[in-house]
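Reader: I have not seen this structure before. Please take me through it in questions and answers.

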2 protein chains.
Amino acid sequence: MAQKVKLSTIADELGVSTATVSLALRDSPLVADVTRNRIKETARDLGYIYNRRAASLRTSRSGIVGVCVHDVMNPFYGEILKYVEHELDRRRQTFILSNHYDDLSKQRAFVDTLLQLGADGLILSPAVGTPAADIKLAEGNDLPTVLIARTIEGAGVCGFRGDDAFGMALAVDHLIGEGHREIAMVGGTPQTSTGQDREAGWRTALLKAGIEPRPEWRIEGPRSRDAGFQAALGFARLERRPTAAVCFSDLVALGFMYGLARAGLTPGVDVAVVGYDDIEEAEIATPSLSTVSNGQAEVGHRAAGALLDRLSGNPASDETVLIKPVLRMRDSSHFAGRLPLGTSG
Amino acid sequence: MAQKVKLSTIADELGVSTATVSLALRDSPLVADVTRNRIKETARDLGYIYNRRAASLRTSRSGIVGVCVHDVMNPFYGEILKYVEHELDRRRQTFILSNHYDDLSKQRAFVDTLLQLGADGLILSPAVGTPAADIKLAEGNDLPTVLIARTIEGAGVCGFRGDDAFGMALAVDHLIGEGHREIAMVGGTPQTSTGQDREAGWRTALLKAGIEPRPEWRIEGPRSRDAGFQAALGFARLERRPTAAVCFSDLVALGFMYGLARAGLTPGVDVAVVGYDDIEEAEIATPSLSTVSNGQAEVGHRAAGALLDRLSGNPASDETVLIKPVLRMRDSSHFAGRLPLGTSG
DNA sequence: CTGAAAGCGCTTACAG
DNA sequence: CTGAAAGCGCTTACAG
């Protein structure tokens with residue numbers, strides 16, 4: 001390529017100042033219509049490319065928002081991100097994505113990069129063990145932060161997530177209503193607020209129904225499809241196998257159903273299964289997966305909205321918004337032990 | 001926060017010049033050890049944050065690589081990106097991700113953003129209909145580009161993808177070997193090189209075996225799990241239903257199997273199914289999904305490697321590298337019509 | 001081994 | 001309505 005085209009190239013070409021060119025390209029009313037049109041035309045003809053680094057150095061606004069989650073391949077996060085992306089697109093913000101895989105040092109490296117780039121904001125689903133100080137560091141260096149899916153005690157920023165204890169109780173109550181008395185919980189760890197709250201919801205709902213959960217009903221750990229699959233292989237061999245299982249997530253539940261089938265059991269008939277999140281796949285899985293909707297759309301929209309609001313100068317909030325989950329009854333739990341598969345509507 | 005800490009803050013604090021501070025922080029051997037250590041310590045104490053915008057404006061290197069694919073939630077792309085991410089991480093490059101959803105204007109907006117940010121390179125799985133001129137525009141503005149998964153005639157850049165025609169022929173040959181004579185192909189569109197090549201592989205393999213594909217065997221369109229599911233519902237009702245189906249992707253195949261089951265058919269017994277890509281889920285699906293491995297790891301690694309090589313000054317190549325696919329035989333096709341499910345190893 | 005100075009390409013008061 | 005000039009925070013010859 002030839003010489004780089006910059007504001008002054010255009011200015012020289014037309015015999016005006018760079019100030020005028022700058023204003024014209026950003027549609028300032030200070031510039032006369034004729035001038036603006038000539039400038040825009042020339043910019044196009046010369047193949048001018050706006051240099052955001054230079055502009056951002058001057059204005060200390062970068063137009064960049066960072067987004068960091070456990071893993072974008074997990075449909076739960078993927079679905080949230082769709083909505084975040086949509087909202088940021090509308091406001092012409094560039095978004096930079098990173099997975100942290102619950103590795104604190106990876107998350108820190110990313111936040112550091114954002115600070116170095118002068119990013120305007122951060123939407124974060126914090127890695128396991130993130131201290132409140134990490135959030136304060138970001139905020140203290142002019143990086144407004146909004147939390148999603150998980151929240152942190154004392155971080156002092158706003159966050160959006162589902163009411164996990166309530167949601168898991170919905171799932172358990174439903175299974176009890178279907179006649180189950182032995183209900184396992186598969187997956188999740190007590191290291192995240194999500195894991196703690198969902199386990200608490202499961203335990204509390206059982207106790208409230210007068211059922212004492214047996215230790216072997218709690219299968220801790222699985223958070224992926226594959227781990228759910230592996231858990232089912234063990235579950236199938238349990239001497240006194242529970243008749244139902246609530247899973248930490250739909251991903252775990254879908255893997256769990258694959259695993260049950262692999263072990264020769266029919267999910268929804270031999271074992272009732274309920275997931276969590278209501279990802280898109282839940283509806284087409286066969287049997288279709290009963291689950292608890294976890295408000296991905298609302299989390300994504302509102303988190304992006306809250307951040308953008310703050311970027312336009314509105315005061316910061318430090319409120320954690322709990323979104324009410326809703327039970328979605330489907331075939332994996334509803335007809336358990338009563339009808340064969342494929343006969344439902 | 002207080003005053004922003006910059007190079008000159010540190011320089012003033014220690015009574016040295018900003019040049020020395022700059023050199024010291026980047027470990028230049030020009031700076032004496034004592035000086036360097038004092039500088040680094042002070043930088044840490046003051047909470048100095050490197051301003052990459054300013055540096056990049058000066059050096060015209062940004063450390064940013066853009067990555068743009070159809071949809072990161074699609075595990076095929078997700079798996080490629082894992083490897084790209086890993087490679088870029090190792091070389092301390094920031095990567096910016098975007099979906100284009102096969103929307104050319106979204107892709108263009110992203111490339112434009114990269115140009116404005118002075119990104120160092122682009123890894124692209126081009127949207128349907130991307131003209132070679134779009135790639136040349138990027139290249140012409142100092143944005144080296146590497147293509148993945150799909151390639152573009154005449155773009156003059158290097159690319160990495162699977163040998164789709166060969167791979168699909170492997171799948172069809174396998175089914176013919178299992179005794180099938182009526183083999184549908186579900187999903188994909190002739191608007192992408194991938195769609196064309198896989199359809200050609202299917203058609204050619206059938207003809208070579210003396211089988212004339214009937215028009216209704218070609219179910220064009222589906223490229224998502226949900227579309228695969230819907231297609232199966234129609235497929236199940238076909239008057240003269242093929243005994244086997246090769247699918248455009250594993251995602252389509254997995255949805256297709258859900259759909260068959262929903263329609264009361266047993267995938268792998270009533271209908272043999274083969275996918276394409278060999279995503280992680282293929283192995284745990286039940287029945288496990290026969291498929292064609294599509295080299296996500298190799299595509300991701302080599303594409304990132306090729307780009308980074310070029311960034312370190314190596315000459316550009318314009319070669320398209322075809323990665324040889326491998327058939328993975330599993331239960332969804334291998335035991336069709338012979339054994340009931342769940343009895344296999 | 002260290003410092004003074006120019007410059008990367010913008011935007012923003014300020015003056016006219 | 002337009003222009004001259006300063007400055008955002010770095011890096012890089014160049015001089016010493």
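**Domains, contacts and backbone**

Author: Seven residue pairs are in polar contact between domain 2 of chain A and domain 3 of chain A, both residues being at pLDDT 80 or more; a polar contact is a pair of N or O atoms within 3.5 Å, where within protein one must be able to donate a hydrogen and the other to accept it, and residues adjacent in sequence count only if both atoms are side-chain atoms. This is a predicted model, in which local features need pLDDT of at least 70 and side-chain atom pairs count only at pLDDT 80 or more, while totals for chains, interfaces and linings use all residues. Residues are numbered from 1 along each chain as its sequence is written, chains are lettered from A and ligands numbered from 1 in the order in which they are written, and side-chain values use heavy atoms, with hydrogens and water left out.

Reader: Which helix of chain A gives the most to the side of domain 2 that touches domain 3?

Author: Helix 5 (75-90), strand 5 (159-162) and helix 13 (296-311) of chain A each supply at least two residues of that side. Helices (H or I, at least four residues) and strands (E, at least two) are DSSP runs, numbered from the N terminus. With three residues, the one that gives the most is helix 5.

Reader: Which residue forms a salt bridge with A:Arg161?

Author: Three salt bridges are counted between domain 2 of chain A and domain 3 of chain A, each a side-chain nitrogen of Lys or Arg within 4 Å of a carboxyl oxygen of Asp or Glu. For A:Arg161 the closest N and O atoms are 3.4 Å apart, and the partner is A:Asp197.

Reader: What distance separates the centres of domain 2 and domain 3 of chain A?

Author: Domain 2 of chain A covers 62-162 + 295-324 and domain 3 covers 164-294 + 328-334, with bounds from an automatic or database domain assignment. Taken over C-alpha atoms, their centres are separated by 29 Å.

Reader: Is A:Ser60 buried or exposed?

Author: A:Ser60 lies in the loop between helix 4 (52-59) and strand 1 (64-69) of chain A, and its phi is positive, near 50°. Most residues other than glycine have a negative phi. Buried means under 20% relative accessible area, exposed over 50% and partly exposed in between (1.4 Å probe, protein chains only). At 51% relative accessibility, A:Ser60 is therefore exposed.

Reader: What is the peptide bond from A:Thr286 to A:Pro287, cis or trans?

Author: A:Pro287 is in the loop between helix 12 (281-284) and strand 10 (291-293) of chain A. Omega of the bond is near 0°, and the bond is cis.
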